[in-house]
Amino acid sequence: MKIFALTGNEFTKIFSKKSTYVIIIIALASCFLLPFMNYKSANISHDSYYTQNLNSEIEWTQNTLNVYSDINTRLDNIMDYCYQTASLQILNLKLNAGITSYDDWRETESYNLINKYIESYYISYIINDNKEYIEALEKSGSLSEYVNQEALSEYLSDGSLTKLRQRYDALQSEITAISNAILNNDPAYFNQYYLTQMNNDIAQINNSIAETNKLMAQTSNEEEKQIYSENITELNSQLQLLNELLVWKQYRADNNISRDAYDWRNICVNSIESAINFQYQLPYTKEQFDEYSQYDYALKDMTYEDYLIYFDNQKAEQRDIITLYTYHLDNNIPPAQYASSTRMQLQSIYYVITLTALVGIIIAAPIVSSEYNKGTIRLLLIRPVKRYKILLSKILAVLILLIILFALFTVIYILSNIALFGYEDYSYPMLSISEGNIVSKSILETILPVLLKSAISVFFIASMVIMFSTVTKSTVLAVAMPFMFLAFSGLMGSILIYLQYYTIAEYTIFAYMNLYDIINQTGTIGNMILNNPSLNLNVNIGFALHLGYGLLMLILSFIVFSKRDIKN
Amino acid sequence: MTPVLELKNVSKTFGKKTVVDNVSFSVNSGEIFGFLGPNGAGKTTTIKMIVGLLSIDKGEIIIDGTSLKKDFEKALRNVGGIIENPELYSYMTGRQNLKIFGRMHGSIPKERYDEIIQKVKLSNRIDEKVKKYSLGMRQRLGVAQALLHNPKLLVLDEPTNGLDPAGIRDLRNTLKEYAEKDGLAVLVSSHLLSEMELMCDRFGIIDKGALTDVKTLKDIRLGKENEIRNYEFDVDQLEKAFGVFEKYLTPGNPKIVDGRLSARLSKEAAAKLNAKLVKTDIKVYSINQASHTLEDEYIAATKSEQIH
Ligand SMILES: Nc1ncnc2c1ncn2[C@@H]1O[C@H](COP(=O)(O)OP(=O)(O)O)[C@@H](O)[C@H]1O
Ligand SMILES: [Mg+2]
C-alpha cells in the first residue's frame, strides 16, 4: 500500500534530523531519572530545618528563662515560667533522642509530656510549701486547670498532701517511662499506654452509666427520668465507640504496630480509627448547617437535603475504608499509596503523558509547515499521490511514533522504579472496594487503564499541533499554541469551576486535560471535584471531547491541505 | 499523434486578477517546448497547474490522455518536474532525497537510482548531505528526481536560473538526449531567450497571462513575408535620413545605432523607405536585414507595430 511507503518517508524525514534524537534521548533520560528525583526529594524531607529550628528554640527558651531568674518577674509570670521550663526539658529530650524530622512520631509524643511536667511542677510547689509560688499560682487561677482534681480537692479541703504525693510520684514515674520510651524509640510502650488509657476511659463511662442508672432508679420525677435516660443513651453510644476503638488499641499492642508516619500499618490503623469516629458523628442540624454553609466552601451551594445525602455518602465511604484497611492488615498487603515506592510511582507515572505530548509538539510542529517554509512542498505535491494521503501519512507517522514513545516512556519509568525499589512492591495487588466487596487487581491492571484512557490527551494535543502546522504554515505557532493549551488548560478549568460555571466546565475540554486527575481525584481539579458535590466532571465525556475535538482539528487540516493552492 | 500534454482554454485567477487567461497549447512526445515570457507573465502559474500545485479555475489539462481534474494520480504518474528552485531536504543526503521521491512513485529498481545519479554526474557526492551541495549540484539533483521514474512529460520552470554556462550546456544535452532517445516531452519555461533558442523545438510566448504565439524554430528561421524585422541603413546623411524615417514611422522606432540608421520594418516598408531616401538625395550604401532571432519574435509578440 502506498500509504505505508508514504508513512515510511515521513519517518525517514523525522529521523534524519539530529534534533529528533536529542529530544527523544532527553525524554527517555528524564523518564529514567524521575523516580530517583522523587525518591531523593521525599527522603530529604526537612531534616536540616528541623535541627536548626530545634537549636534556635532551645536558645530562645533559655533566654526567656534567663529573664525569669529575677524572682519577681518569675512569680508574675508563673504559668509561662513553668511552661518554658517544661519546654526546655522536652526540647532537650528531643535533641537527646535524636529526632531529626517533624514526621518522627516521637515529636508529637514528646510534646504530650508538657502538661505532665507542668502538673508535677505545680504539685512540687505545694508539697515543698513554696509559699510565694503557691500564692502566685492561685492568683493566676491555673492550679485547677493542670492539677489532678481529686488530689487537689483533698488538699484544698483539709490540707492533706497524701494524694498529691501519690500523684506526684505517679507523674514522675510516667515522665521517666515516657522519656525513656522516646529515647529508646519504643512504640510498644505507647501502644500499651494508650490501651490502658482507653480501658480507663471505658471503666469511667461504665461507672457513669451505673451511677446514672442508680439516680434514675431513685427519682420519681418523670422529667428527670427522661433526662437520665437520654444521658444513658448518650453514654452507651460513647461506650460503643470506645469499645470499637479499644479493639484497635488492642490490635496495636498485640501486633506491636509502629507509630511511624510512613508505616502503612500505622496509617491503616489511624485511618480505621478516624473512620470509626466518623461513624458516630451526627450530621449538622438544619440550624448548624445554615450557619456553617456560609463559611464552608464544600457546603456552599448545597441545600440541606443535598447535605444529608452528602453526609451519608461520606459515612459510607468511611465504612468502606474500615472494611478495606482491615482486609489490608489481615492479609498483610500494604495499600499501594502507602508503600513507599509504589506510592511515588502512582503519583508520577502520568508524567509520561505530558512528556509524550511535549515530545509530540516538538516533533510534529514542523511536519507540514516546514514543507511550505522550505519550499519542499513543491517537490512533494507534484507526485501521483492525492494530497489527503500525504497528510494522512504525516499524521500516521506522528501518531505511531507517539504511541511507541509513550509505551517506551512507560516501560522505562516502571523499570527505573523497579531498579530503585525492587520488584516486591509491584507484586502486591491493588485493593479497592466496590459495593462493599473487596476488589483485588495487580498494580498494572489498576494503573494502565487509567494511563491509557488519559493518554487520549496526547492525541488531542498532536491534532492541535498538526492543525496549526497545516493551517498557519507556522512552526512557531504549532509549538506555541498547543504548548500554551497544555500549560494553561488546567488553570482555565479551575477558573471555570471557581466561578461556578459548572456546565461550561463539564462540556469544554479545559477541566478534562488530565483525565487521570478526574479518575483518581487528585490534583487541583480532583480536589475541586471533591469539594464541589454539584460539579459532575464525567471522564467519558472528557474522553469523547478529546477524541472529538482532535478529529475535528484533523478534518480541518485535511480540508485546508487538500484544497489550498501552493502559491509560494 | 496524441500530444503528451494538452492545455485547453486554461484560466486561473488570483482574487480578481486573471493571471492565466484562456491558454491552450500542446507538447508532443520527443519535443522540447519553450515557454517564454517576461517576469510576471504567468509561466509559473501555468506550470503549477500542470503539475497539480494549483487548482485549475477554467479549462482542462490533459496529460498522456488523462484529464488532471478527473484522475489526478493517473495523470501525474507520467510527470516529472522542477518548479522554480528545486528545494530538497537539506538535512538528508542526495540519495535519501531521491529515495523519498522515488517511493512516492511506487517501486523503482535500485539500478535506476544509480543510473540517474550517474547521468547527472553526482555519483561521488550523492551520499553527502544536500546542505553541502552547490546550487548547480542541487539543480542536477532536481533533474535526477524529475527523471527518476521515467516520466513521459518533464516540466522545468526556469531551470537555467543559477546554472553556469557549462551547466546549461549539460542540461541542454541531457534534455535533448532524453527527448530523442526516449521520446520525452519537455516543457521548459524561461524569460531568457538565448538558451531557449538552442534548446527548443517549439515556442509558446506568453504575455500578461495570454498565449500570444506558438512557433516552430523552422517558422522563425525561414521568416514570413509580412514579418517585421530589424533593418540597418548605411547612409551618407544620417540626420536627414532620420528625419525622413521619423515622418513615416512611429516615434521611437527609428534609431541611430553605431552610425547606422536602424528600424523595425516589414519587407515592403523597407523597400518603400529606401525609395523615399533615394528621392531626397540621400545615398544608401547598404541595407542590412538583421538575422531573425527569437528575440525579434519575442519582442514582436509582446509589442507589435503597424507601418503606414
Ligand atoms: N500568490 C499570488 N497571489 C496573487 N497574485 C500572484 C500570486 N503569485 C503570482 N501572482 C501574480 O501572477 C502573475 C503571474 O505570476 P507568475 O506565474 O509567477 O509569472 P512568471 O512565472 O511568468 O514570472 C504575476 O503578475 C504575479 O504578480
Ligand atoms: Mg516564474
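Colleague: Which element gives the largest share of the lining of the largest pocket?

Modeller: That's H16(A), which puts 10 residues into the lining. Keep in mind that this is a predicted model.

Colleague: What's the lining like by class?

Modeller: You get 22 nonpolar, 15 polar and 6 charged residues in the lining of the largest pocket.

Colleague: OK, switching to the ligand. Which residues surround ligand 1?

Modeller: From chain A there's A:Lys567. Chain B brings B:Phe14, B:Lys17, B:Val19 and B:Pro38, then the run B:Asn39, B:Gly40, B:Ala41, B:Gly42, B:Lys43, B:Thr44 and B:Thr45. Since residues from chains A and B surround ligand 1, the site is shared between chains.

Colleague: Which element gives the most to that shell?

Modeller: H1(B), with 3 residues. Helix H1 (43–50) and strand S2 (17–27) of chain B each supply at least two residues of the shell.

Colleague: How does the shell around ligand 1 divide into nonpolar, polar and charged?

Modeller: It's 4 nonpolar, 5 polar and 3 charged.

Colleague: What about oxygen atoms of ligand 1, say with the side chain of B:Thr45?

Modeller: An N or O atom in the B:Thr45 side chain sits 2.5 Å from a ligand 1 oxygen. There are backbone approaches as well: a backbone N or O of B:Gly40 is 2.7 Å from an oxygen of ligand 1, and for B:Lys43 a backbone N or O is at 2.8 Å from a ligand oxygen.

Colleague: How much of ligand 1 does the protein bury?

Modeller: Taken alone, ligand 1 exposes 560 Å², and the protein buries 66% of that.

Colleague: Last one, on chain B: how is it divided into domains?

Modeller: Domain 1 covers 3–222 and domain 2 covers 229–289.

Colleague: How far apart do their C-alpha centres lie?

Modeller: The C-alpha centres of domain 1 and domain 2 of chain B are 43 Å apart.

Conventions: Residues numbered from 1 in each chain as written. Chains lettered and ligands numbered in written order. Predicted model: local features only at pLDDT ≥ 70, side-chain atom pairs only at ≥ 80, totals over all residues. Heavy atoms only, no water. Near = heavy atom within 4 Å. Polar contact = N/O pair within 3.5 Å; in protein donor to acceptor, adjacent residues only side chain to side chain. Areas by Shrake-Rupley, 256 points an atom, 1.4 Å probe, with all protein chains shown as cover. Helix = DSSP H or I, 4+ residues; strand = E, 2+ residues; numbered from the N terminus. Nonpolar A, V, L, I, M, F, W, Y, C, P; charged D, E, K, R; others polar. Domains from an automatic or database assignment.
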